Amino acid sequence: MNQLATAPSSLPPAQLLSGTKRPAHTPAGLVGDTPVLWVGAPFTAAGRGFWAKLEGHNPGGIKDRSALHMVRAARERGHLAPGARIVESTSGTLGLGLALAGNAFGHPVTVVTDPGMEPLMTGLLTAYGAQIELADAPHPTGGWQQARRHRVEELLALHPHAWCPDQYNNPDNVAAYAPLAHELVAQLGRIDTLVVSVGTGGHSAGVASVLRAYFPRLRVVGVDTPGSTIFGQPAAPRLMRGLGSSIYPRNVAYDLFDEVHWVAAPEAVWAARQLARHHYATGGWSVGAVALVARWLARTLPAEDRIVTVLPDGPQRYVGTVFDDAYCREHDLLGHLPADDPDDIDRPTDRVVTRWTRCARITDPLADAHAHEPLGATR
């Protein structure tokens, strides 16, 4: 009988592990040092492509980084007492990160979400020990996001020693992503264009600010979705989760962006499915959206431009939505091949966008609104 024989390596034992992550004593030690993958043809034009940072290789996704950092910082400042409850609003990914942080630091966790959360995510959060609270109705102007935040306020009143990270406005949410930026510099050496989804504003501001310090000419491209108010579009119901907002997070660093693209749900589904089929690396709504924009930039920018995008999570939670034909047919998400190029508008307020659209004029909607207030106006 033939047997495969493997010759022992001539390398010393320490060098055998030189390219691997060190063993972790706690689950928190599994976070970070995620891989970077080249995405080229057939997803992109022949000879063109971009690099993708695969944050789905963290235990729960990209927000493991921010959850751990925000909790650690709050404990160090005395804002979060030992054993106190953590309460926060989330559409899912931060909930997984907070469950991880609660496990690592010894805190019970309550996540406030809404009926749109996927059953798989609900099951995972429960398995990891998080308590789940549901907002019962959308806020008339702030949608489910504002409704969740109101429920958080109610829970904080019931639990006076509890602490809320306030991911939308907490600067620690931004600072948490400096290690991700440093990993990219170490992995790629030079970066010319960064493509990032924008939701709370945490990872877009945290990664872009650090990279621009290394590369002053860095081009930063934000990716949002129709119905999101972040870049000045009117609020509307949104199917896509994980990017966009019905409120105005103060962590969004408007001065860092060179342009913004809004990508619609059918376009994001097409891109996420193409990535899965051809590159075995994909995720959900935000992954499809940023990949579509990075694909276009790879075709239209000079060939030597080094483009990097951050893929915030993996595909697992989307098996019942993005990757489910019945769900996609129900929401008319299939059979819509994206255009070769986005529409262009001069200002974010020119018209309501419904498909992939680009704007190179970036302003803070709240600053614009305040600039046009009459003298003596109160707010």
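Biologist: What makes the charged end of Arg-295 count as sitting over the ring of Phe-43?

Modeller: The charged end of Arg-295 is 5.6 Å from the centre of that ring. The rule asks for NZ of Lys or CZ of Arg within 6 Å of the ring centre and within 35 degrees of the ring normal. This is a predicted model, where local features need pLDDT of at least 70, side-chain atom pairs count only at pLDDT 80 or more, and totals for chains, interfaces and linings use all residues. Residues are numbered from 1 along each chain as its sequence is written, and side-chain values use heavy atoms, without hydrogens or water.

Biologist: Which aromatic cluster includes Phe-43?

Modeller: Phe-43 forms one with Phe-50 and Trp-270.

Biologist: How many aromatic pairs does the structure hold?

Modeller: Seven. Rings of Phe, Tyr and Trp (its six-membered ring) pair if their centres lie within 6.5 Å; planes under 30 degrees apart are stacked, over 60 edge-to-face, the rest tilted.

Biologist: Why is the pair of Trp-38 and Trp-51 called edge-to-face?

Modeller: The centres are 5.2 Å apart and the planes stand at 65 degrees, so the pair is edge-to-face. Trp-38 is in strand S1 (residues 36-39) and Trp-51 in strand S2 (residues 50-54), 13 residues apart. Strands are DSSP runs of E, at least two residues, numbered from the N terminus.

Biologist: Why does Trp-38 count as partly exposed?

Modeller: Its relative accessibility is 41%. Buried means under 20% relative accessible area, exposed over 50%, partly exposed in between (1.4 Å probe, protein chains only). Trp-51, at 26%, also counts as partly exposed.

Terms used:
Helices (H or I, at least four residues) and strands (E, at least two) are DSSP runs, numbered from the N terminus.
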